[in-house]
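These are my notebook entries on one chain, taken down in the order in which I looked things up.

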Amino acid sequence: MPNKGELAESFFRSGYNCSQSVALAFCDEMNMEKAVAARLTVGFGGGVGRMREVCGAVSGMAFVLSALYGDDGRANIYALIQKGAEKFRRENGSVVCRELLGLAKAPSDPVPEARTREYYKKRPCPELVRMAADILEEIINDEKNNGEAQ
């Protein structure tokens, strides 16, 4: 069985955006149907609506953590999201989509690029999605272990 990072990368390579791919990898944990998760996270792709702001993979992490721990209070959920985002930033230098893609500015066209072989060669997105899901899986496992210790 693939780990969460492999699963998220597989979703991305099948056509889902970064945010959707991370969320879809955790549908079982969220007790959420894949169609629902895909619909609720579609707008976070491309750095939120293809504006190239916060990376969709990081937004996907925030979505999953909110779904799992949102009842634990804002401070707690914010701390978990910041923990994940900081680890992602340490690994990649940023959590901003355009910076991760090496773009000077966001494109004004809302239409996503076609997923061709060339697209995958020039984009780090499959690896970023994998890494975000792996970080998220680690945070969730830590939370489970902390809950069992109490």
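**Entry 1: helix α4 and its cover.** I first looked up what lies over the buried residues of α4, and found that the cover includes α2, α3 (27–30) and α5 (56–69). Before going on I note that this is a predicted model, in which local features need pLDDT of at least 70 and side-chain atom pairs count only at pLDDT 80 or more, while totals for chains, interfaces and linings use all residues. Residues are numbered from 1 along each chain as its sequence is written, and side-chain values use heavy atoms, with hydrogens and water left out.

Helices here are DSSP runs (H or I, at least four residues), numbered from the N terminus. For burial I keep to relative accessible area with a 1.4 Å probe and protein chains only: buried is under 20%, exposed is over 50%, and partly exposed is in between. In α4 (residues 34–41) the buried residues are A37, A38 and T41. Seen down the axis of α4, these fall within an arc of 100°, so they line one face of the helix; the arc is that of the directions from the helix axis to the C-beta atoms. A35 and R39 are exposed on the other side of α4.

**Entry 2: Q20, on the covering side.** Q20 lies in α2 (residues 18–24), and I record it as buried because its relative accessibility is 9%. Contact means heavy atoms within 4.5 Å. With neighbours within four places in sequence left aside, Q20 is in contact with A38, T41 and V42.

**Entry 3: helix α1.** Which residues of α1 (residues 4–13) are buried? I listed K4, G5, A8, E9, F11 and F12. Seen down the axis of α1, they fall within an arc of 155°, so they line one face of this helix. At the N-terminal end, N3 caps α1, with a side-chain oxygen 3.0 Å from the backbone nitrogen of G5. Just after α1, G15 takes a positive phi of about 120°.

**Entry 4: positive phi outside glycine.** N31, in the loop between α3 and α4, has a positive phi of about 55° although it is not a glycine; N31 is exposed, with a relative accessible area of 74%. V48, in the loop between α4 and α5, is likewise not a glycine and has a positive phi of about 70°. V48 counts as partly exposed because its relative accessibility is 28%.

**Entry 5: the loop between α7 and α8.** E113 is in this loop, and at 31% relative accessibility E113 counts as partly exposed. Which residues does E113 contact, leaving aside its neighbours within four places in sequence? I found R50, Y119, K122 and R123. For polar contacts I use a pair of N or O atoms within 3.5 Å, where within protein one must be able to donate a hydrogen and the other to accept it, and residues adjacent in sequence count only if both atoms are side-chain atoms. The side chain of E113 makes such a contact with the side chain of K122 at 3.1 Å, and a polar contact of 2.4 Å joins the side chains of E113 and R123.

D109 is found in the loop between α7 and α8 (117–122), and its side chain reaches the backbone nitrogen of V111 at 3.0 Å. D109 counts as partly exposed, at 41% relative accessibility.

**Entry 6: C125.** C125 lies in α9 and counts as buried, at 8% relative accessibility. Not counting residues up to four places away in sequence, C125 touches F12, C18, L101 and Y119. C125 and G45 are 80 residues apart in sequence, and 11 Å apart in space, C-alpha to C-alpha.

**Entry 7: the largest pocket.** A pocket, on a 1 Å grid over the protein atoms alone, is an open set of points where a 1.4 Å probe fits, with protein on both sides within 12 Å along at least five of seven lines; lining residues have an atom within 4 Å of a point. The largest pocket is lined by 24 residues, of which N17, G45, G46, R52 and P112 lie nearest its centre. Both α7 (97–101) and α9 (125–149) supply at least two residues of this lining, and the largest share, 3 residues, comes from α7.
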